[in-house]
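Subject: Structure for your review

Dear colleague,

Please find below the structure that I am handing over to you. My notes on it follow directly after.

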Amino acid sequence: MSSSSAGAFSTRTRLILIMGVTAALAAVSPIAGLSTARAADPTLHQLAAAKGKYFGSATDNPELTDTAYTAILGSEFGQITPGNSMKWDTTEPTRNTFAFTKGDAVVSLAKSHNQIVRAHTLVWHNQLPSWVSSLPTTEVQAAMENHITQVATHYAGQVYAWDVVNEPFNEDGTFRTSVFYNAMGSGYIATALRAARAADPTAKLYINDYNTDGTGAKADAMYNLASSLKAQGVPLDGIGFQGHLAIQYGFPTNMQANLQRFADLGLDVAITELDVRMILPRDATKDATQSTYYTNVVNACLAVNRCVGITIWDYTDKYSWVPSVFSGQGAALPWDENLAKKPAYTAIFKALGGIVSTSSPSPSGPSPSTPAPPTGCKVVYSASPWTEGTGVGGFTANITVTNTSATPVSGWTLRFSLPSGQTLTQSGWNATYAVSGQAVTATNLSYNATIPANGSTSFGFNGRWSGSYSSPAAFTLNNVTCS
Ligand code: G3I
């Protein structure tokens, strides 16, 4: 088992340590209540980002008019996947006529919330317009390459990853006999990946499938394909494990080891469509089992350095695909149909390193007292910046302040200047932030107002950078410069 700090941003994550000690990246203070979030709770993505991963959700265009839904979608997740709007039947419904409006809407939404996009999907046997299915075999390759080129070029530079080929295998590990396989044999996969790379040199290129999460014939087939493609130098960057699980079928066998063997081929791995369905009605026992499954998936990803992140297949039962396909089943997601958090949410929160307290919540807000200066303090500022294009990106900053004086600090204000080009994008966690130009003032909440003698407190925020990333150079605690 290895730690996961490289993960999603392995080539671009930097850990900046100021003044000394190694920081604990998961800078999360206790939250109150088992399932009720307060403003200061870290989001699932913040927790995941502190471990070098993203946490995301699928979404779909019809849902985007639901403002209660989009508020959570925009704030809780660092990555989104369009559930339908980049598929072939949407993007090229008739030959050589392309439609990007719906996909563009998802990309635009992601940009407005500083989220990365997993684009889904270029070559799939399903949701394929009939004009493709009825092409003479001699025309399929040209049509496929044209589709990939047009769509991937349109989104080039705007998406983190593409599911280039989706669901190429049958359950027994043989290749699915799609129109693409029938025309080109299994070579269609390499051809598709090469076309995608030519169209978008920066997106991570994936093959994605279901029932490959644990070891078995289908996962073995994917492994053999991935090995072979890597050996041939085909541009393949990652394998997506959809993670459509069901509590009545048991948890996938050896999931962590299965992910790890793909990572050992030099590939990223990602959980791309996670949900855990149950036979309805939902009850506490089923919820508990479901929570265990979510915990196990998060643990498996955290344990594999090259597991870059987890995407749930939409976040709420309100918009889950499950009930319409599996009659009598559902309740598969961490938020219920009223957008209330379920035990599965708390399980994910905890598995990602969130600390759940059962004590009563203290009202949050800045301390009204006038803070006394400490005689000494130390600041560790840990940032995980990532790049989304030339000279631009986002970052998650975790700050740990240690009171090195012999007496407690009761009420605190930390001040620092963000380097030029940087902005806060979220209100942050475990502190109240005020920003004036580049000057940032972080003030305690009531529950973390006291920093004991030689004790520490941690808080953080998300931001954007441009130019090149650097960390703030100096900090004051209650107007005393930290050493
Ligand atoms: O857009 C039409 C609408 O006009 C029509 O009134 C309605 C009537 O049924 O259908 C709508 O299309 C539906 C579409 O979702 C958009 O909502 C299709 O019927 C429905 O089949 C389609 O389901 C999607 C499914 O893929 C198709 O296979 C799900 O939303 C989507 O979540 C699901 O996602 C797949 C991944 O792409 C691949 N892995 C499995 C995963 C779950 O099946």
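**Cavities, sheet and aromatic pairs**

The second largest cavity has a volume of about 40 Å³. Its lining consists of Val123, Trp124, His125, Asn166, Glu167, Pro168, Arg176, Ser178, Phe180 and Tyr188. By class, this lining has five nonpolar, three polar and two charged residues (Ala, Val, Leu, Ile, Met, Phe, Trp, Tyr, Cys and Pro count as nonpolar, Asp, Glu, Lys and Arg as charged, and the others, Gly among them, as polar).

Please note that this is a predicted model, in which local features need pLDDT of at least 70 and side-chain atom pairs count only at pLDDT 80 or more, while totals for chains, interfaces and linings use all residues. Residues are numbered from 1 along each chain as its sequence is written, and side-chain values use heavy atoms, with hydrogens and water left out.

A cavity is a set of points on a 1 Å grid over the protein atoms alone where a 1.4 Å probe fits but cannot get out, and lining residues have an atom within 4 Å of a point. Grid points are joined across faces, edges and corners, and a volume is the space filled by probe spheres set on the points.

Of the 14 residues that line the largest cavity, His45, His113, Asn114, Gln426 and Asn462 are the closest to its centre. The lining of the largest cavity has three nonpolar, 11 polar and no charged residues.

An open sheet of four strands runs in the order β13-β14-β21-β17, with antiparallel pairing (strands are DSSP runs of E, at least two residues, numbered from the N terminus; two strands pair if DSSP finds at least two bridges between them). Its edge strands are β13 (377-389) and β17 (423-424). Between β13 and β14 (392-403) there are 12 bridges.

The structure also holds 30 aromatic pairs (rings of Phe, Tyr and Trp, the last by its six-membered ring, with centres within 6.5 Å; planes under 30 degrees apart count as stacked, over 60 as edge-to-face and the rest as tilted). The rings of Phe395 and Phe461 have centres 5.9 Å apart and planes at 80°, so this pair is edge-to-face. Phe395 lies in β14 and Phe461 in β21, so the pair ties together parts 66 residues apart in sequence. Both Phe395 and Phe461 are buried (under 20% relative accessible area, with a 1.4 Å probe and protein chains only).

Yours sincerely

Terms used. On a 1 Å grid over the protein atoms alone, a cavity is a set of points where a 1.4 Å probe fits but cannot get out, and a pocket is an open set with protein on both sides within 12 Å along at least five of seven lines; lining residues have an atom within 4 Å of a point. Buried means under 20% relative accessible area, exposed over 50%, partly exposed in between (1.4 Å probe, protein chains only).
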